[in-house]
Amino acid sequence: MKAVEIRTFGDPEGLALVDLPTPVPAEGEVLIAVEAVGVAGADVLIRSGALAAYGFKEGFVPGSEVAGRVTVAGKGVDRSWVGRWVWAFTGTGGGYVEQACVPVEQVLPLPEGLSPVDSVTIGSSGAVAHFGLAHAHFAPGEAVLVRGAAGSIGVMAVQLAVREGASAVAVTTSSAERGERLRQLGATHVLDRSGRGGPDSPAGYDVVFDVVAGDDLPSFFDLLNPNGRMVAVGAVGGQPPADFGTTLMARFQKSMSFATFSAATVGTADLRAVRGEQFAAVVRGELTAVVHDVLSLDQSVLAHRKMDAGEVFGRIVLRP
């Protein structure tokens, strides 16, 4: 089968289309004929070599979510899975393939009316947005700032904050065109990348939902209200300064807090329940799966170039 692996860390050109043996599902697994692969920010970080210290090696196949049709059920798996259209979480990698073996507990049936492309657009990002907002103890009536709102996680965070009754949903973005698209998804205020905007923007926010991190993270503490909470759900802009905590401590009397969030800390049953609800919400038209582009698997280099250039709004999907 065709697959994409990281031949060399660094630029997108380090990705290569290769031939690998067709996998055989182990006990408790299913084999999926892949129709759609979500391209995530984590894939880009792994490919760049930024996460090599965490055990990622050259030769790794990136991709954490796929959708397609189950063709084989491994030992111990109900045969009724065969022939069903599903979404699946492949873990930290293994998704840029024509066929994927996945533990059945990480597989979710697609509801009628939800395409494989749309499912990999929100399957992981929607769960991160949902549980990230919950980790921030977001409550209806509070003001939220989504930093890095144009990516797939940010797009979902905007929609969910609106859906859950935020009093204001501000976004940081790099262009007026992106800002207008985010307004169409429910954003009430469009700010520049520093978090500043027009005179009608809130003076402060109860929650800062941060996908970016990077050098500018400490400056966003200034935008938190007393008892405000910042939650970092990603680091597409790199690690924050080593001493960023001193900025938080300098505002001690405002009782603000900072936390990180990873979906790895959420139980499988809870993830399945939220993903199932969000899939149904897309079918009902209550949430929008924002697809930037659909490319073939052999265009993975182009997909990563677009990600590196920061031109992606929503999610790129690969099709084998």
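**Close-up views of a predicted model**

View 1

View 2. Strand 11 covers residues 205–210 and strand 12 covers residues 224–232. Five bridges join them in the parallel sense. Look for valine 207: arginine 229 of strand 12 stands opposite.

**View 3. The largest nonpolar core.** This core holds 50 residues. Val146, Val158, Leu182, Phe209 and Val233 have the most contacts inside it. Several elements give two or more residues: helix 2, strand 8 (143–147), helix 3 (152–163), strand 9 (168–172), strand 11 and helix 6 (268–284). Helix 2 provides the largest share, eight residues.

**View 4. Contacts of valine 146.** Neighbours within four places in sequence are left aside here. Valine 146 then touches Gly154, Ala157 and Val158, among others. Its contacts also include Ala170, Val171 and Thr172. Phe209 is another contact of valine 146. Two of these partners, Val158 and Phe209, are also listed with Val146 among the residues with the most contacts inside the 50-residue core.

**View 5. Antiparallel pairing of strands 3, 4 and 5.** Strand 3 (residues 29–39) pairs with strand 4 (residues 65–73) over seven bridges, in the antiparallel sense. Within this pair, isoleucine 32 stands opposite valine 70 of strand 4. Strand 4 also pairs with strand 5 (residues 85–89). That pairing is antiparallel too, and has five bridges. Here glutamate 65 has phenylalanine 89, in strand 5, as its bridge partner.

**View 6. Helix 7 and its cover.** Helix 7 spans residues 300–309. Which of its residues are buried? Ser300, Val301, Ala303, His304 and Lys306 are. The cover over these buried residues includes strand 1 (2–6), strand 2 (15–19) and strand 3. Helix 1 (41–48), strand 14 (291–296) and strand 15 (315–319) are also part of that cover. Just after helix 7 comes glycine 310, with a positive phi of about 70°.

**View 7. The whole chain, for orientation.** The chain has seven helices and 15 strands. Its radius of gyration is 20 Å, close to the 20 Å that the globule rule gives for 320 residues, so the chain is as compact as a globular protein of that length. Along the principal axes, the C-alpha atoms fill a box of roughly 60 × 40 × 35 Å. Of the 320 residues, 51% are buried. Take the contacts between residues at least 6 apart in sequence: 71% of them join residues at least 24 apart. The accessible surface is about 13500 Å². Carbon and sulfur atoms account for 52% of that surface.

Conventions:
Residues numbered from 1 in each chain as written. Predicted model: local features only at pLDDT ≥ 70, side-chain atom pairs only at ≥ 80, totals over all residues. Heavy atoms only, no water. Pairing = 2+ DSSP bridges. Helix = DSSP H or I, 4+ residues; strand = E, 2+ residues; numbered from the N terminus. Buried < 20%, exposed > 50% of the residue type's maximum accessible area, 1.4 Å probe, protein only. Contact = heavy atoms within 4.5 Å. Rg over C-alpha atoms; globule rule 2.2 N^0.38 Å. Areas by Shrake-Rupley, 256 points an atom, 1.4 Å probe, with all protein chains shown as cover. Core = buried A, V, L, I, M, F, W, Y, C linked by side-chain atoms within 4.5 Å.
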